[in-house]
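Thanks, everyone. I will go through a few local features of this model, so please have the structure open.

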Amino acid sequence: MTYAANMLPSFQEGMPDKTTMFGSSALDPNSVQELQKALSAGVGVPALSGGTALQVQSLEATMRVVTYTMQNIKFWKLIPKLPAYNTAEEYNLLRGYGADNGAFTNEGELPQLQDSVYERRVAIVKYLATQREITHPMLLVRPAHGNVVGLEAQNGAIWLLERLERALFNANSAIIPQEFDGLDAQLFADPDFFPSQVIDLRGAQPTEDSIEDAANRIVEQYGIPTDLLMTPRTISELSKQIYPRERFAMPYNDGKLGGAVKEFDSSAGTIKFHPDVFLRPGRRNGVLTPPAAATSANAPAAPAAVAEAVNAVTTSFFAGNAAGYTYYATAINRFGESAPTASANTGAVAAGETVTVTITAGGGNPTGFRLYRANAAGAASTAQLIREIPLAGVYVDDNFLLPGHGRGYMIQGNVNNISFRMLAPMLKIPMATIAASIRWIQVLYGTPIVYSPLKNVCFLNIPDTLTVAQP
């Protein structure tokens, strides 16, 4: 059954009354298995004896959040939102006002005919969702932190937004078909984007010079730079650059040291800084190494083989490594990532040579691979992520993308350059009652669109830690 978006209750709305919401229905084995995943009341009473049995247990009413919160979500808050009216969202681009001809004419002469150049494109709406569940007994107890349904709905919303925040940068429908194309995929799909709009830092931190250079590149493409998105560590490194210039008026009474960089006053205007923790390179939470085991029961099997061959060319960024490299590959799909499979050590790689890595799938319906690299015969725990690659499984490593390094973006952050077309905002959809629990799904449907790739700049190969040291 299809529901119109305005028929679905928003996730902020309350659930039905706990004493009247349960009906009768068959409970199949799969539902029993899902029920075990529900947020349940449990027992939770320790065995106490002596005087401790008379003590009243104490639990703070305020829950301490030890993971990300809404304050960590940066790009989603920044990107303009526009409504979508179809699952295939079309849009037009004005590519030119006319031919590059002269505008002067003789007196009274009919001028040359000029035609504007338009281009129609299409973006496919994609779907993000999570299922949540609360047992009936959990609704009857007195919770420590307020309404459990509201709390779990809030947690589901933040979980979805965390996945969305990462996807806005890294999602690639060529790797995982269920994903939309994020900022990376759309920028580098434009043949004119590289190298004009790419600043390769080669393991160095951004400086005032490189930021001014990026702003100028956007201006030269008729854009207006407004926002800079980088990891918190990168923004911190920028702040450290001003420490040697600090001067203090005497008497020195306020007791403050340091200085936080929040904006950059470029020749193209003021650029706001956004430290985004979800820009950290690597897997989730900035982990650079491959997982020891599959991250999901539905993840693909590990690759069957990873082969490498050194190519005797002189056109790469390798400076030479007599100890060679070991590559680790994992298979990925929309559910998760497999355990890694290792290649043999390449042996010596001379300066300027490249390495062709060929990955053979191992089953379980992979849609792409993640490739990691370690020095010499290093273990998987020392390997660092290079990039995701399509299912064809062939990658020529020329060391242009440094393992364990990340990216940053300067963008024109307004609707003339970028937007998120939203078919449905965050919604909560109640599910059928098939057990002594309530279930619902939270959904968000949409896709980002970059209208003018050249009005953005990508900073490549930014070190996220001070210990990244692969050649």
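Strand 13 (residues 368-375) and strand 14 run antiparallel, joined by 6 bridges. Helices (H or I, at least four residues) and strands (E, at least two) are DSSP runs, numbered from the N terminus. This is a predicted model: local features need pLDDT of at least 70, side-chain atom pairs count only at pLDDT 80 or more, and totals for chains, interfaces and linings use all residues. Residues are numbered from 1 along each chain as its sequence is written, and side-chain values use heavy atoms, with hydrogens and water left out.

Back to the strands. Arg373 stands opposite Gln384 in strand 14. The open sheet has 4 strands in the order 11-10-13-14, with antiparallel pairing (strands pair if DSSP finds at least two bridges between them). Strand 11 (341-342) and strand 14 (384-390) are the edge strands, each pairing on one side only.

Next, helix 7 (residues 232-240). Its buried residues are Thr234, Ile235, Glu237, Leu238 and Ser239; buried means under 20% relative accessible area, exposed over 50%, partly exposed in between (1.4 Å probe, protein chains only). Their cover includes helix 6 (208-219) and strand 19 (456-463).

Lys455 lies in the loop between strand 18 (437-450) and strand 19. What is the nearest side chain of opposite charge to Lys455? That is Asp190, 11 Å away; Lys455 is buried yet has no salt bridge (a side-chain nitrogen of Lys or Arg within 4 Å of a carboxyl oxygen of Asp or Glu). For charge, Lys and Arg count as positive and Asp and Glu as negative; His and the chain ends are not counted.

Last, Leu94 is in strand 2 (residues 88-96). Leu94 counts as partly exposed because its relative accessibility is 45%.

Note on methods
Contact = heavy atoms within 4.5 Å.
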